[in-house]
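User: I would like to learn how to read a few features of a model. Please take them one at a time, with the general idea before the case.

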Amino acid sequence: PARPRSAAASFFGVALEARTYGALFYMLLSLATGTFFFSWVVTGLSLSLGLMILIIGIPLTVLFFGSVRGLALLEGRLVEALLGERMPRRPRYTDRSRTWLQRIGDMFTDGRTWLTLLYFLLMLPLGVVYFTIAVTLLSVSLAFIWSPVAALLDLSVPSIYIDGTNVLPLAFTPVLAVVGALLLLLTMHLARGIGKLHGLLAKHLLVRL
């Protein structure tokens, strides 16, 4: 049996794991995907309900829900590739033994379809939170790590000013670099945790893949 990793190996080893960078990339990407998913659902539902009184409203609604199914497949593959969460099986309305009318009916009666719409609506606020956390923590961490080099090159470095006086001497920048490295590792662990939780959310809300 494999020997359990020490606490130090687990803490520092996160920087060598591909899933860490996959989770960070997903957090950065989630603002764009969340905005698109939210806009698509709000626009599609608005048009479908608004045109339901017309003949064109019915096929438009069917096309919209079909597109939601396609986007769910795309998001599921993205979650599986970047977050490592295995997505569930396909929904029953992809069963080729059923008629196309039965499959359309299944698409509307399957609770997973409506949970997928909920997931897409949640993606906008979640995307804003994920993106903000990732950008803020990464920026602060890298700025701290860069501070000794910036000091040597006589560039701007992180400073703390009280009453107009810099109370953080440039000689302190190596300590800032260590703090930045530790903060970067903590950010990676946080990203892994967020990625795991979001993968579970996607697994339970998305249309079964």
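User: What is the mean pLDDT of the chain, and what share of its residues reach 70 or more?

Analyst: pLDDT is the predictor's confidence in each residue, from 0 to 100. Here the chain has a mean of 82, with 75% of its residues at 70 or more. This is a predicted model, so local features need pLDDT of at least 70 and side-chain atom pairs count only at pLDDT 80 or more, while totals for chains, interfaces and linings use all residues. Residues are numbered from 1 along each chain as its sequence is written, and side-chain values use heavy atoms, with hydrogens and water left out.

User: Which elements have the lowest and the highest mean pLDDT?

Analyst: Elements are DSSP runs numbered from the N terminus: helices (H or I, at least four residues) and strands (E, at least two). Strand β1 (residues 161–162) is lowest at 44, and helix α2 (residues 18–50) is highest at 93. Across residues 160–167 the pLDDT is below 50, and this stretch has 7 contacts (heavy atoms within 4.5 Å) beyond near neighbours in sequence.

User: How many residues does the largest nonpolar core have?

Analyst: A nonpolar core is a set of buried (under 20% relative accessible area, 1.4 Å probe, protein chains only) Ala, Val, Leu, Ile, Met, Phe, Trp, Tyr and Cys residues joined through side-chain atoms within 4.5 Å. The largest one has 31 residues, and Tyr26, Val79, Tyr119, Phe120 and Leu206 have the most contacts inside it. Helices α2, α3 (57–83), α5 (111–152) and α6 (173–205) each supply at least two residues of this core, with α3 giving the most, 8. Not counting residues up to four places away in sequence, Val79 touches residues including Tyr26, Tyr119 and Ala202.

User: How many cavities of 30 Å³ or more does a search of the whole structure find?

Analyst: Rolling a probe the size of a water molecule over the atoms shows where empty space is left. On a 1 Å grid over the protein atoms alone, a cavity is a set of points where a 1.4 Å probe fits but cannot get out; lining residues have an atom within 4 Å of a point. The search finds 1 cavity of 30 Å³ or more. The largest cavity holds about 30 Å³, counted as the space filled by probe spheres set on points joined across faces, edges and corners. Its lining includes Tyr26, Leu83, Tyr130 and His198. Helix α6 gives the most to that lining, with 4 residues.

Notes:
Buried < 20%, exposed > 50% of the residue type's maximum accessible area, 1.4 Å probe, protein only. 1 Å grid on protein atoms, 1.4 Å probe; cavity = no way out; pocket = protein on both sides within 12 Å on 5 of 7 lines; lining within 4 Å.
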